[in-house]
Amino acid sequence: RCRYCTLTHSVVALDSGLTEAEVRALRAGPGWRAVFTAPAEAALIAWTDAVALGPGGVDEALLSDLKTHSAALLSIDWLPISSSRRPSEPSGSLQG
């Protein structure tokens with residue numbers, strides 16, 4: 001993992017409303033399932049992991065699961081992202 005990318009995405013996640021515990025869970029790998037238990041969130045995170053971390057295409061089962069929960073995902077009140085912090089300035093104890 002690229003440290004710069006991890007810090008940058010952590011700042012954006014915090015600015016978007018995720019808690020430090022949620023960001024830590026996402027950074028920990030498979031441990032995110034203990035924090036993000038809603039089926040729609042789990043489908044989105046699993047699909048995103050497959051796209052970002054896996055070689056080749058995404059498994060059809062993950063895509064099907066994501067499509068199943070697409071209505072729930074579209075109903076989420078997504079917050080606008082506007083970071084006032086630079087990636088080199090993460091909040092709290094998430095640095096490193």
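There is 1 salt bridge in this structure, and the model is a predicted one. The pair is Glu-20 and Arg-24, whose closest N and O atoms sit 3.1 Å apart. Both residues belong to helix 2, and their separation of 4 residues is about one turn of the helix. In an α-helix there are 3.6 residues a turn, so residues three or four places apart point the same way.

Next, the overall layout. The protein has 5 helices and 0 strands, so the order from the N terminus reads α-α-α-α-α. Of its 96 residues, 23% are buried. Among contacts with a separation of 6 or more, 56% join residues 24 or more positions apart. The accessible surface is about 6,400 Å², and carbon and sulfur atoms account for 60% of that.

Now helix 3, residues 39–53. How does the distance between its end C-alpha atoms compare with the expected span? For 15 residues at 1.5 Å a residue, the helix should span 21 Å, and the end C-alpha atoms are 21 Å apart, so the two agree. The buried residues in helix 3 are Ala-40, Ala-42, Ala-43, Ile-45, Ala-46 and Ala-50. They pack against helix 2, helix 4 and helix 5.

Some of these residues turn up again in the core. The largest nonpolar core consists of 6 residues, namely Ala-25, Trp-32, Phe-36, Ala-42, Ile-45 and Ala-46. Helix 3 is the main contributor to this core, with 3 residues. Take Ala-46: setting aside neighbours within four places in sequence, its contacts are Trp-32, Arg-33 and Leu-62.

Last, a loop residue. His-69 is found in the loop between helix 4, residues 60–68, and helix 5, residues 70–74. Is His-69 buried or exposed? Its relative accessible area is 18%, and because the cut-off for buried is under 20%, His-69 counts as buried. Which residues does His-69 touch, leaving aside neighbours within four places in sequence? The contacts are Pro-39, Ala-40 and Ala-43. Of these, Ala-40 and Ala-43 are among the buried residues of helix 3.

Methods. Residues are numbered from 1 along each chain as its sequence is written. This is a predicted model: local features need pLDDT of at least 70, side-chain atom pairs count only at pLDDT 80 or more; totals for chains, interfaces and linings use all residues. Side-chain values use heavy atoms; hydrogens and water are left out. Helices (H or I, at least four residues) and strands (E, at least two) are DSSP runs, numbered from the N terminus. Buried means under 20% relative accessible area, exposed over 50%, partly exposed in between (1.4 Å probe, protein chains only). Contact means heavy atoms within 4.5 Å. The expected span of a helix is 1.5 Å times one less than its number of residues. A nonpolar core is a set of buried Ala, Val, Leu, Ile, Met, Phe, Trp, Tyr and Cys residues joined through side-chain atoms within 4.5 Å. A salt bridge is a side-chain nitrogen of Lys or Arg within 4 Å of a carboxyl oxygen of Asp or Glu. Accessible areas come from the Shrake-Rupley method with a 1.4 Å probe; for residues, only the protein chains shown count as cover.
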